[in-house]
Amino acid sequence: MYEDLEQKNERMRYLKRIISLILVFCMIFSSVTIAESLSTEEKRREIVSREGETIVSIVEKFSDMKDHWSTQWVEKLLEKDVISGYPDGTFKPDKAINRAEFTKLLVVALHDDSEVFEGGHWAKNYIEKAIQEGYILEGEFKDVDKNITRAEMARMIARAMEEEPENWKAYKNNIADYTNIKVEYREYVLQVYAAGIVKGLPNGRFAPEKTASRAEASTMLVKLIEPDERDIPEIMEEPVSEEDFIEPQLELKNNDILENYIIHSIVVKNHEDYIGVEEDYQFKIENITYPKLNQRQFPNKEIKDRRFWRSGKGLNHPTVIPKGSIYDLPAFFYTTVEHEKNFHLKEGMKMKYKVTVKKGDIEKEYFVEGKLKFIMDYYKDYPQYKE
């Protein structure tokens, strides 16, 4: 009997050890599970901290996308293999996008990718597909490597839309610079605006001639292919108005003073209107016809880009000739030495400039053009500048 009792006690001790081990195992497993759950939850909270699962993954991929306004839109196109970044690990969201690049993105977003064309322009297959689908017309883009404007992009997107927005003609009042949009683009701009694909700028303008960025292109394409992402605006009964803004009266004025080696200047004729204004106006000039002229190489070989903001407070400075001048085209040192080897200014050349005027958050674009007029032989003593 004693042995039976001893055996029974031994079995009880054995069972207790087994139960203890099971309890310890359960506690360890439970702790690991809870820890993993907390870790996952922490990660989830980190990932969805802004606009769903976008910030962490895209910032790890591109060093220049942290806190950029377009993050959620670029991420969506990356997931769809529509767009990619640069070898240096950047995306360059604010970099201008050209016609060929945008054509490729539009075609890839709506169709299968095409192989790179061999023996010609790299985007030839994409351009031909876009023509076939009616996104662009034959011969519409003579220079496919030129940066695309917001108006041109709106036209391509409108043609690619499967539906026509309701009451799209009624949205004219929503766009502050509607009358500045060329007639050939107006219906397209209104359609993409009414569809909630392309918005205006914060000041109510559409800025049709403004070049589009990679970030803007990404945003528009996502809203084109994903209708749920669109934000349909309300129709305004009264035209939207911008805050008080002094409109510049621009003129391209040819030189009329002998021995002055400035060929022409861009002048703000109403420069006196800017005297004593509370908030300074900024002016930036860009040569559209000959982009190389946006560089100037000085006698000391220093090269400077002439596309910089100029304060409107200097319009009436005593040294400014002619009065109100914000830009001048010199007969010499107008570009780089390398460029001067095969390019020379000649009388009768047509020049077109884009003038951007900024006051606070308001930014407007204007265009001025004219032909070169020589009042003397600027190159008589400088044969190296003459063909």
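Me: Over the ring of which residue does the charged end of Arg150 sit?
Reply: In this predicted model, a charge counts as sitting over a ring if CZ of Arg is within 6 Å of the ring centre and within 35 degrees of the ring normal. The charged end of Arg150 is 4.6 Å from the centre of the ring in question. That ring belongs to Phe206.

Me: At what distance from the ring centre does Arg214 lie over the face of Phe91?
Reply: Here too an arginine lies over the face of a ring, with Arg214 placed over Phe91. The distance to the ring centre is 4.3 Å.

Me: How many aromatic pairs are there?
Reply: Rings of Phe, Tyr and Trp pair if their centres lie within 6.5 Å. By this rule the count is 8.

Me: What kind of pair do the rings of Tyr171 and Tyr193 make?
Reply: Planes over 60 degrees apart count as edge-to-face. The centres of Tyr171 and Tyr193 are 5.9 Å apart and their planes stand at 65°, so the pair is edge-to-face.

Me: How many residues apart in sequence are the parts that Tyr171 and Tyr193 tie together?
Reply: Tyr193 belongs to helix H7 (183–194), while Tyr171 is in the loop between helix H6 (150–160) and H7. Both tyrosines are buried. Because of these positions, the pair ties together parts whose separation in sequence is 22 residues.

Me: Where on helix H5 do its buried residues lie?
Reply: In H5 (residues 124–133), Tyr126, Ile127 and Ala130 are buried. Seen down the helix axis, the buried residues of H5 fall within an arc of 100°, so they line one face of the helix.

Technical notes
Residues are numbered from 1 along each chain as its sequence is written. This is a predicted model: local features need pLDDT of at least 70, side-chain atom pairs count only at pLDDT 80 or more; totals for chains, interfaces and linings use all residues. Side-chain values use heavy atoms; hydrogens and water are left out. Buried means under 20% relative accessible area, exposed over 50%, partly exposed in between (1.4 Å probe, protein chains only). Helices (H or I, at least four residues) and strands (E, at least two) are DSSP runs, numbered from the N terminus. The arc is that of the directions from the helix axis to the C-beta atoms. Rings of Phe, Tyr and Trp (its six-membered ring) pair if their centres lie within 6.5 Å; planes under 30 degrees apart count as stacked, over 60 as edge-to-face and the rest as tilted.
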